[in-house]
Amino acid sequence: MASTLLQQEGTIRLGFFGGVFLLVAAWELLAPRRTLTASKGVRWLSNLAIVAINTAVLRLVFPLLAVGLAALASERGWGLLNHLALPGALAFVLALLALDGTIYLQHVMFHAVPALWRLHRMHHTDLDFDVTTGARFHPIEIALSMGIKLAAVAVLGPAPAAVLVFEVLLNATAMFNHGNIRLPLALDRWLRLVVVTPDMHRVHHSWHPEETNSNFGFNLPWWDRLLGTYRAQPRDGHAGMTIGIDAFRAPSELWLHRLLSQPFRGDAGGYAINAASRWGGGR
């Protein structure tokens with residue numbers, strides 16, 4: 001089973017990525033939430049080039065990725081879940097919850113430490129918010145994120161299938177909740193009880209620091225509600241809010257070479273949590 005998953009992992013992940021990307025991109029054309037302000041061609045070219053670079057970096061830097069390490073941990077009995085006699089379904093659900101909680105805490109950390117914020121802010125300097133924003137992460141951040149994920153897998157010892165499902169869900173929900181898509185408000189209100197919706201996550205991309213430092217969840221919305229980082233709506237409204245931060249706003253900053261150099265230019269600014277005037281708590 002594990003060997004089959006390892007052999008098919010790339011095909012499964014690429015299939016889901018392509019399918020969800022096309023679905024959300026079509027939804028954006030049919031029912032956009034906001035009018036885009038920047039050149040879509042430049043943004044998409046740069047953001048999708050980042051995806052290709054990040055894929056290559058992960059394959060070059062890491063001999064094993066998360067699913068592969070989970071298979072090795074299962075084979076050798078590493079990790080907490082491999083030492084607990086839990087029903088398979090319960091272990092599967094606990095693994096998904098623990099991995100999602102890890103990603104939430106990692107996201108908070110990348111906002112709290114100025115050096116890490118320098119890397120992560122490239123995700124926030126997109127001048128629009130759409131399906132490609134969900135994959136716009138600096139290659140160094142992607143490598144650090146994979147290191148954290150591998151450490152979590154080694155400690156937790158989840159089943160390879162649980163890790164693969166988590167990876168697919170995380171990727172799919174990141175594209176969904178970054179989509180420039182319109183949902184009926186009543187549906188959004190109920191849906192955000194179980195998954196991060198575009199309207200919920202868009203608040204996180206506001207240029208107001210207290211809103212940037214809220215709604216950290218990518219997949220499950222519960223961590224923000226439990227830990228006081230939930231903010232229901234942007235102060236300027238979804239149509240009127242400004243996407244991005246108060247730096248790197250020139251159109252030239254949307255080009256790939258400028259994106260890759262952003263962590264090494266300017267100062268950390270006032271967006272890192274420990275540099276901000278207040279924590280972006282829920283209201």
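Student: OK, so a helix here is a DSSP run of H or I with at least four residues, and helices are numbered from the N terminus. Where is N215, then?

Tutor: This is a predicted model, to start with. In it, N215 sits in the loop between helix 10 (209-212) and helix 11 (222-227).

Student: Is N215 buried or exposed?

Tutor: N215 counts as buried, because its relative accessibility is 0% and the cut-off for buried is under 20%.

Student: What about the phi of N215?

Tutor: Phi is positive there, about 50 degrees, although N215 is not a glycine. F248 also has a positive phi without being a glycine; its value is near 55 degrees.

Student: And where does F248 lie?

Tutor: In the loop between helix 11 and helix 12 (256-261). F248 has a relative accessible area of 13%, so it is buried.

Student: New topic. Which residues have the most contacts inside the largest nonpolar core?

Tutor: F62, L99, V153 and V163, in a core of 29 residues. Helix 3 (66-76), helix 4 (88-112), helix 6 (139-156) and helix 7 (160-177) each give two or more residues to this core.

Student: Take F62. What is it in contact with, leaving aside neighbours within four places in sequence?

Tutor: A143, M146, G147 and L150. There is a general point about spacing here: an α-helix has 3.6 residues a turn, so residues three or four places apart point the same way.

Student: How many of the residues of helix 7 are buried?

Tutor: 14 of the 18, so helix 7 is mostly covered. Helix 7 also gives the most to the lining of the largest pocket, with 6 residues.

Student: How much space lies in that largest pocket?

Tutor: About 970 Å³. It is lined by 30 residues, and R13, L58, I142, K149 and N171 are the closest to its centre. Besides helix 7, the elements that give two or more residues to the lining are helix 1 (2-30), helix 2 (40-61), helix 4 and helix 6.

Student: And how many cavities of 30 Å³ or more?

Tutor: The count is 1. The largest cavity holds about 30 Å³ of space, and its lining is R34, T35, L36, D128, F129, N180 and R202.

Student: What does the side chain of R202 join in a polar contact?

Tutor: The side chain of D199, at 2.6 Å. D199 belongs to helix 9 (residues 198-202), and it counts as buried because its relative accessibility is 5%. Not counting residues up to four places away in sequence, D199 touches R33, L185, D188, R192 and H238.

Student: Last one: why is helix 5 called largely enclosed?

Tutor: Because 8 of the 11 residues of helix 5 (residues 114-124) are buried. Those are L116, W117, L119, H120, R121, M122, H123 and H124.

Student: What covers them?

Tutor: The cover over the buried residues of helix 5 includes helix 2, helix 4, helix 6, helix 10 and helix 12.

Notes:
Residues numbered from 1 in each chain as written. Predicted model: local features only at pLDDT ≥ 70, side-chain atom pairs only at ≥ 80, totals over all residues. Heavy atoms only, no water. Core = buried A, V, L, I, M, F, W, Y, C linked by side-chain atoms within 4.5 Å. Buried < 20%, exposed > 50% of the residue type's maximum accessible area, 1.4 Å probe, protein only. Contact = heavy atoms within 4.5 Å. Polar contact = N/O pair within 3.5 Å; in protein donor to acceptor, adjacent residues only side chain to side chain. 1 Å grid on protein atoms, 1.4 Å probe; cavity = no way out; pocket = protein on both sides within 12 Å on 5 of 7 lines; lining within 4 Å. Points joined across faces, edges and corners; volume = space filled by probe spheres on them.
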